[in-house]
Each structure stands twice: as C-alpha cells, then as structure tokens.
Amino acid sequence: MALKASMNNDNDATIIPKVGDVVLLQKTIACVMYIGPAHWNDNINELYVGLELPEPIPNGHNGFYDNTLYFKCKPKQGIILPMTTIIKIISPQELLTKLTSFKTKLNQLNDENEKIKQQINK
C-alpha cells in the first residue's frame, strides 16, 4: 500500500512509492530507482524520485547526474523528477492484466494479418 506525505498543506498530498515500484507519469511509465533529496535543491524536505525509463531520452542519464551518483541504470534512460510528478503506482497485478490484454490483442491482429495475406496470395 502506498504511503502519502503531506507536502504543503492537507490538500496537497503526494504518493510516495518504494524503490522498485513501477509508476505512471504523464507520458510514460518508469521504475523507481531512487527516492530522496536532490543536491541542487536546498530544501532537504522536498523529495525527488530517480527513475529508469523504458527507452532512452535525449537528456536522459545513467543515474549519475551533475557529478552525483543517485542510482544506476542504462545510458540515457535515467531521469530525476520531483515526487509530485508521479500520477500513480502501478501494481504488479495491473501490469500483468495490461500485458495479457495487449498480448491477446496482438495475437488477434496477427491472425487477421495472416488471413489478409492468404486472401492476397489466392
């Protein structure tokens, strides 16, 4: 179960994931690799999250950022963001359900593709 931490007031609660959790961001999902302060922010109470993304991004890193090692990941797949950018934690059950659904849909599309190929080759 996710913990909630009050950031500025009672209405501004943020989900606090654990290292290893998969989280939903605005445009992607990512794996939590680091939780804690960022050396560039003087407010040590403000939490940041180090994330490993599924694909490289132009300004990504490997967990080593601005001469500080926060975590280790593949090159250009790391990013550090404020904790408040996390939309939700994705449970293992939810991931499995989505993957199964995508696999079923992919198999259906492959079957349809094969039928079309057979029709074309007649």
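Q: What does the accessible surface of the chain come to, and what share of that surface belongs to carbon and sulfur atoms?
A: In this predicted model, the accessible surface of the chain is about 9,000 Å², and 55% of that area belongs to carbon and sulfur atoms.

Q: And how many of the residues are buried, as a percentage?
A: Of the 122 residues in the chain, 25% are buried.

Q: What is the strand order in the five-stranded sheet?
A: The order is E8-E5-E4-E3-E9 in an open sheet with antiparallel pairing. Its edge strands are E8 (78-82) and E9 (88-90), each of which pairs on one side only, and the twist from one strand to the next averages 45°.

Q: How many bridges join E4 to E5?
A: Five bridges join strand E4, residues 29-36, to strand E5, residues 48-52, and the two run antiparallel. Cysteine 31 stands opposite glutamate 52 in E5.

Q: Switching to cysteines, how many disulfides are there?
A: The count comes to zero.

Q: Is cysteine 73 buried or exposed?
A: Cysteine 73 is buried, with a relative accessible area of 16%, whereas cysteine 31 counts as partly exposed at 25% relative accessibility.

Q: What about aromatics, how many pairs are there?
A: The count comes to four aromatic pairs. One of them joins tryptophan 40 and tyrosine 48, whose ring centres are 5.3 Å apart with the planes at 70°, so this pair is edge-to-face.

Q: What is the geometry between tryptophan 40 and tyrosine 70?
A: Their ring centres lie 6.3 Å apart and their planes stand at 70°, so this pair is edge-to-face. Tryptophan 40 lies in the loop between E4 and E5 and tyrosine 70 in the loop between E7 (68-69) and E8, so the pair ties together parts that are 30 residues apart in sequence. Tyrosine 70 is buried, with a relative accessible area of 11%.

Q: Which residues do the ring pairs link into a cluster?
A: The cluster consists of Tyr34, Trp40, Tyr48, Tyr65 and Tyr70.

Conventions
Residues numbered from 1 in each chain as written. Predicted model: local features only at pLDDT ≥ 70, side-chain atom pairs only at ≥ 80, totals over all residues. Heavy atoms only, no water. Buried < 20%, exposed > 50% of the residue type's maximum accessible area, 1.4 Å probe, protein only. Areas by Shrake-Rupley, 256 points an atom, 1.4 Å probe, with all protein chains shown as cover. Pairing = 2+ DSSP bridges. Helix = DSSP H or I, 4+ residues; strand = E, 2+ residues; numbered from the N terminus. Axes fitted to C-alpha atoms, helices over the stretch in contact; angles between N-to-C directions. Disulfide = S-S within 2.5 Å. Phe/Tyr/Trp six-rings, centres within 6.5 Å; stacked < 30°, edge-to-face > 60°.
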